[in-house]
Amino acid sequence: MSPQKKVENKKNLILVGLWNPQEEYKKTRHNIGADCLFNFSEKNEINFKTHKSGKFQIGTYETDVYKVDLIIPMMSMNNSGEAVKEYLKNKNIIYENMVVIHDDIDLGFGRLRLKMGSSDGGHNGIKSINNIINSKEYFRLRIGVGRPPIGTDPADYVLSRFTSEEIEEVNFLLEDATDIVKVFFKDKEMAIKQASERRIIDVV
């Protein structure tokens, strides 16, 4: 079997990092899903290209088993499903080989959870994807950004930047999330376990 033939026989796996692509939202809590994929791409020298539709950027990575497409929607968070729909056109993808990475205010800051088939939890990016593909049966890597302080609107909170006290831990958090993605390529159950065991950080 030629090397080219081996590549063609690889399974497809998709990583989708959610964010708001507008410059004013750079490095906000809501963008940590895409920031995880940007971190992954830097570690593995992956270049993103804008799809002809303009709806997403795509980069490619290969493992022994998978051809992995990294998808960064180029649309506002609330319309993330449109980017996923455009990518999935004419592709025979099983949803259990899709991982959507996103922020979660219902997880304590620094926690990670990897799970398939859970509700959107009020997250508008996930809600958009669920509605458009008409399924919840894909994996989500939830990155905990913590609850907003009392009196702060959750919508304003997720669009705020991390505090100076949180920044160092965010960098560690992105590294750990990236490691879990790589474990997922080899052993999904182990990746689920590793995500759940990520230590809890209290930032004062």
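Author: The questions and answers below cover a predicted model, starting with the pockets.

Reader: What is the volume of the largest pocket?

Author: Rolling a probe the size of a water molecule over the atoms shows where empty space is left. In this model, the lining of the largest pocket counts 22 residues. The volume of the largest pocket is about 380 Å³.

Reader: Which residues lie nearest the centre of the largest pocket?

Author: Strand E5 (98-104), strand E7 (139-144) and helix H5 (154-158) each supply at least two residues of the lining. By class, the lining holds six nonpolar, 10 polar and six charged residues. Nearest the centre of the largest pocket lie His-30, Asp-103, Gly-122, His-123 and Asn-124.

Reader: Which element gives the most to the lining of the second largest pocket?

Author: The second largest pocket has about 240 Å³ of space. Its lining divides into five nonpolar, two polar and five charged residues. The most, five residues, comes from H6.

Reader: Which residues touch the most other members of the largest nonpolar core?

Author: In soluble globular proteins, nonpolar side chains tend to be buried together. The largest nonpolar core here has 39 residues. Its largest share, nine residues, comes from H6. The residues that touch the most other members are Leu-15, Leu-114 and Phe-185.

Reader: Which residues does Leu-114 touch, leaving out those up to four places away in sequence?

Author: Leu-114 belongs to the largest nonpolar core. Residues up to four places away in sequence are not counted here. Leu-114 then touches Val-99, Phe-139, Arg-140, Leu-141, Ile-180, Phe-184, Ala-191, Ile-192 and Ala-195.

Reader: How many residues are in the other core, the one with Ile-14 and Met-98?

Author: This core lies apart from the largest one. Its members include Ile-14, Val-16, Ile-71 and Met-98. The number of residues in it is 18.

Reader: How many residues apart in sequence are the parts that Arg-29 and Glu-166 tie together?

Author: Arg-29 and Glu-166 form a salt bridge, with the closest N and O atoms 2.9 Å apart. Both residues are buried. Arg-29 lies in the loop between strand E1 (11-17) and H2, while Glu-166 is in helix H6, so the pair ties together parts of the chain. Those parts are separated in sequence by 137 residues.

Reader: Glu-175 and Lys-43 also meet in a salt bridge. Which elements does the pair link?

Author: The N to O distance in this salt bridge is 3.2 Å. Glu-175 is partly exposed, with a relative accessible area of 28%, and Lys-43 is exposed, at 51%. The two residues are 132 residues apart. The pair links helix H6, through Glu-175, and helix H2, through Lys-43.

Reader: Is Lys-193, which meets Glu-197 in a salt bridge, exposed or partly exposed?

Author: The side chains of Glu-197 and Lys-193 meet at 2.7 Å, N to O. Glu-197, at 51% relative accessibility, counts as exposed, because the cut-off for exposed is over 50%. Lys-193 has a relative accessible area of 43%. That makes Lys-193 partly exposed.

Reader: Which residues are linked with Glu-86 in a network of salt bridges?

Author: The structure holds 11 salt bridges. A network of salt bridges includes Glu-86. Linked with Glu-86 in that network are Lys-55 and Lys-89.

Technical notes
Residues numbered from 1 in each chain as written. Predicted model: local features only at pLDDT ≥ 70, side-chain atom pairs only at ≥ 80, totals over all residues. Heavy atoms only, no water. 1 Å grid on protein atoms, 1.4 Å probe; cavity = no way out; pocket = protein on both sides within 12 Å on 5 of 7 lines; lining within 4 Å. Points joined across faces, edges and corners; volume = space filled by probe spheres on them. Helix = DSSP H or I, 4+ residues; strand = E, 2+ residues; numbered from the N terminus. Nonpolar A, V, L, I, M, F, W, Y, C, P; charged D, E, K, R; others polar. Core = buried A, V, L, I, M, F, W, Y, C linked by side-chain atoms within 4.5 Å. Buried < 20%, exposed > 50% of the residue type's maximum accessible area, 1.4 Å probe, protein only. Contact = heavy atoms within 4.5 Å. Salt bridge = Lys/Arg side-chain N within 4 Å of Asp/Glu carboxyl O.
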